[in-house]
Amino acid sequence: MGNDPGHANLMKLAANVMIATTLESMGETLALLRKGGIPAELGFEVLTNSLFDSKVHKAYGGKILNERYRPAGMVVPLALKDMRLALTEAENTATPMPFVSLVRDRMVTMMARGWDTLDWSALGLLTSQDASLPSSSDLSDVLPNTTVAFCVVSERG
């Protein structure tokens with residue numbers, strides 16, 4: 001990266017930004033396919049064996065498809081840190097990055113849900129949950145209890 005060591009750091013941030021935005025896109029796409037009646041496995045196979053035939057799409061998309069968010073390769077807090085650093089650099093250079101801002105906000109939501117030990121590919125889990133899609137029982141410890149108790153209160157006068 002030349003003589004400026006800051007360039008190497010910026011390249012690392014840029015690569016992580018591209019991965020994070022890819023994770024969000026893959027999660028949204030697989031959720032859409034599932035909700036539309038197309039098996040996620042089929043959609044994943046078609047997408048990653050045609051236009052999106054990259055290691056990132058296949059590796060991280062596979063994690064989303066199979067809901068394998070543990071063990072984490074990159075935990076959410078570290079990914080969030082990189083999104084913040086990239087956005088700080090973007091602000092310093094007057095470079096708008098609206099999609100990265102969205103992904104940062106999605107990662108903050110993941111932290112709020114207590115998903116700090118999950119892999120950053122759990123952006124796909126967040127999208128599935130937002131779309132009210134069922135998730136693996138292996139994730140029951142991080143997903144809200146879907147059992148709702150109702151209490152009827154009557155007033156007597």
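**Labels and the values behind them**

Modeller: One caution: this is a predicted model. Let me start with a backbone detail: just after helix H6, Ser132 takes a positive phi of about 60°.

Biologist: Now helix H2, residues 40-48. Which of its residues are buried?

Modeller: Ala40, Gly43, Phe44 and Thr48.

Biologist: How do you know that they line one face of the helix?

Modeller: Look down the axis of H2: the buried residues fall within an arc of 110°, so they share one face. In general, an α-helix has 3.6 residues a turn, so residues three or four places apart point the same way. The buried residues of H2 pack against H1 and H3.

Biologist: Why are Tyr60 and Trp120 called an aromatic pair, and why edge-to-face?

Modeller: Their ring centres are 5.9 Å apart, and the cut-off is within 6.5 Å, so they pair. The planes stand at 90°. Edge-to-face requires over 60 degrees, so that label holds too. The structure holds 1 aromatic pair.

Biologist: Which parts of the chain does the pair link?

Modeller: Distant ones: Tyr60 is in helix H3, Trp120 is in the loop between H5 and H6, and 60 residues separate them.

Biologist: Why is Tyr60 called partly exposed, and why is Trp120 called buried?

Modeller: Buried means under 20% relative accessible area. Tyr60 has 21%, so it counts as partly exposed. Trp120 has 1%, so it is buried.

Biologist: Turn to Asn16 in helix H1. What makes it buried?

Modeller: Its relative accessibility is 9%, and the limit is under 20%, so Asn16 counts as buried. Leaving aside neighbours within four places in sequence, Asn16 is in contact with Met74, Asp82, Met83 and Trp120.

Biologist: Why does the Asn16 and Asp82 side-chain pair count as a polar contact?

Modeller: The distance is 2.6 Å. The cut-off is within 3.5 Å, so the pair qualifies on distance.

Biologist: Asp82 has other partners. How do you know that Lys12 and Asp82 form a salt bridge?

Modeller: N to O, they are 2.8 Å apart. The rule asks for within 4 Å, so the bridge counts. This bridge also links distant parts of the chain: Lys12 in helix H1 and Asp82 in helix H4 (residues 76-92), 70 residues apart. Asp82 forms a salt bridge with Lys81 as well, with the closest N and O atoms 3.1 Å apart.

Biologist: Which residues are linked in a network of salt bridges?

Modeller: Glu24, Arg106, Arg113 and Asp130.

Technical notes:
Residues are numbered from 1 along each chain as its sequence is written. This is a predicted model: local features need pLDDT of at least 70, side-chain atom pairs count only at pLDDT 80 or more; totals for chains, interfaces and linings use all residues. Side-chain values use heavy atoms; hydrogens and water are left out. Helices (H or I, at least four residues) and strands (E, at least two) are DSSP runs, numbered from the N terminus. Buried means under 20% relative accessible area, exposed over 50%, partly exposed in between (1.4 Å probe, protein chains only). The arc is that of the directions from the helix axis to the C-beta atoms. Contact means heavy atoms within 4.5 Å. Rings of Phe, Tyr and Trp (its six-membered ring) pair if their centres lie within 6.5 Å; planes under 30 degrees apart count as stacked, over 60 as edge-to-face and the rest as tilted. A polar contact is a pair of N or O atoms within 3.5 Å; within protein, one must be able to donate a hydrogen and the other to accept it, and residues adjacent in sequence count only if both atoms are side-chain atoms. A salt bridge is a side-chain nitrogen of Lys or Arg within 4 Å of a carboxyl oxygen of Asp or Glu.
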